[in-house]
Amino acid sequence: MSAGASPRRVAVLGAGIAGCCLALELARRGADVTVIDRRAAPMSEASRFNEGKIHLGYLYGADPSLRTARHILPGGLAFAPIMSELLDADLAPHATGGDDVYLIDRDSVVDAPAVGDHFDRVSALVREQPDAHRYLVDVSGARATPLSAAELSAIASPRVVAGYRVPERSVDTGWVADRLAERVLSDDAIAFVPGVTVSGVDVDPDGAEVTVRGEPGFGEGYDVVVNALWGGRLAVDREAGLELPPTWTHRVRWSLFVRTREPVDAPSAIVAIGPFGDVKNYDGRSFYLSWYPAGLVAQGSAVELAEPELPTAAARESFIADVRAGLETALPWIDDVFAAAEEIRIGGGHVFAEGTGSLADPASGLHRRDRYGVSRRGAYWSVDTGKYSTAPWTARRLAAEIMESR
């Protein structure tokens with residue numbers, strides 16, 4: 001910013017991980033930032049309630065082109081250094097401590113030999129990256145290690161036909177959410193506007209200003225507006241005059257967040273590849289548990305998707321039982337986690353992806369995540385971060401581009 005110039009006024013729509021990281025990056029570059037969100041506090045939705053996998057590309061075994069792995073890898077490698085800088089904290093104590101274990105289900109959409117080949121190719125890709133040592137652990141020597149028959153039978157039921165250890169990690173998204181919200185609320189260059197549901201924008205034809213409209217009774221003009229919403233992003237984009245993607249799917253997924261009375265010795269495991277489940281063990285007592293058929297509570301390809309209310313009373317217990325029963329079919333030891341549970345919380349949120357179909361179909365577009373990024377019309381920008389793990393990297397690049405574009 002030149003001497004005497006007014007700070008650039010930027011509105012960020014949505015206070016998830018993309019919106020919060022972008023707000024902090026813009027504030028550091030001298031912008032006057034307003035973050036608008038429907039909730040009472042930042043980081044209250046999907047960015048708080050997910051598994052926190054920091055992707056290296058192993059999960060996308062149904063994309064043999066490796067386009068997804070190549071697309072998401074830079075953001076995954078940059079996640080820890082960028083977030084450590086923004087939060088002024090070391091993420092390592094808040095990440096899973098061991099390698100992820102991928103367990104290949106008998107109904108996987110990709111057979112076990114092909115998954116092994118994919119893992120070897122992803123490992124080679126990771127090893128080529130000059131910043132591979134900056135991941136949550138040093139992955140410059142990344143390898144996928146097959147499990148022996150004895151190792152496999154010790155942690156999986158007979159429905160699992162093969163297993164591999166890979167050096168992926170996940171972060172405790174609740175811890176990240178608390179620290180990120182604190183940073184946004186304490187930054188003097190950021191104003192947080194809670195309780196406003198964005199209903200639309202008016203883009204000045206000359207590109208000089210964008211007005212944000214919201215309920216109840218919100219209307220304000222800004223030099224730049226960035227749509228970092230997740231569930232409602234497309235409706236605002238359409239009104240702003242952006243071309244929508246050719247296909248997409250909205251999903252609402254719920255999972256369990258379990259705190260145990262005492263440590264439970266359990267791996268972080270993913271039943272793959274398809275509509276199965278996964279477990280994250282962050283510190284021996286904090287767990288993420290997901291079973292996709294139970295947790296997928298809404299899905300659609302309209303511009304918007306209504307989000308069901310979280311279950312209570314008997315419906316809550318039924319949901320917990322369904323997740324447990326699903327995981328038990330592949331991971332018999334999951335009973336140890338439930339038996340030691342002192343707190344079980346249900347949480348989740350929107351998942352947006354270009355593409356359609358069922359995860360049980362190997363041809364589904366949902367097995368690819370290489371079609372996301374930033375689009376723009378004048379002073380209005382819209383960002384699809386693709387994955388939780390790529391949001392900080394995308395936010396840093398976008399903030400620099402916005403501040404250089406004036």
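**The open sheet**

Guide: Three strands make up an open sheet, ordered S9-S10-S11, and their pairing is antiparallel. Strands here are DSSP runs of E with at least two residues, numbered from the N terminus, and two of them pair if DSSP finds at least two bridges between them. At the edges stand strand S9 (197-203) and strand S11 (218-222), each with a single partner strand, so one side of each is left without a neighbour in the sheet. From one strand to the next the twist averages 20°, where axes are lines fitted to C-alpha atoms and angles run from 0 to 180 degrees between N-to-C directions.

This is a predicted model, in which local features need pLDDT of at least 70 and side-chain atom pairs count only at pLDDT 80 or more, while totals for chains, interfaces and linings use all residues. Residues are numbered from 1 along each chain as its sequence is written, and side-chain values use heavy atoms, with hydrogens and water left out.

Turning to one pairing within the sheet, strand S10, which covers residues 210-215, joins S11 in the antiparallel sense over five bridges. Within this part of the model, Val212 stands opposite Glu220 in S11.

Terms used
Helix = DSSP H or I, 4+ residues; strand = E, 2+ residues; numbered from the N terminus.
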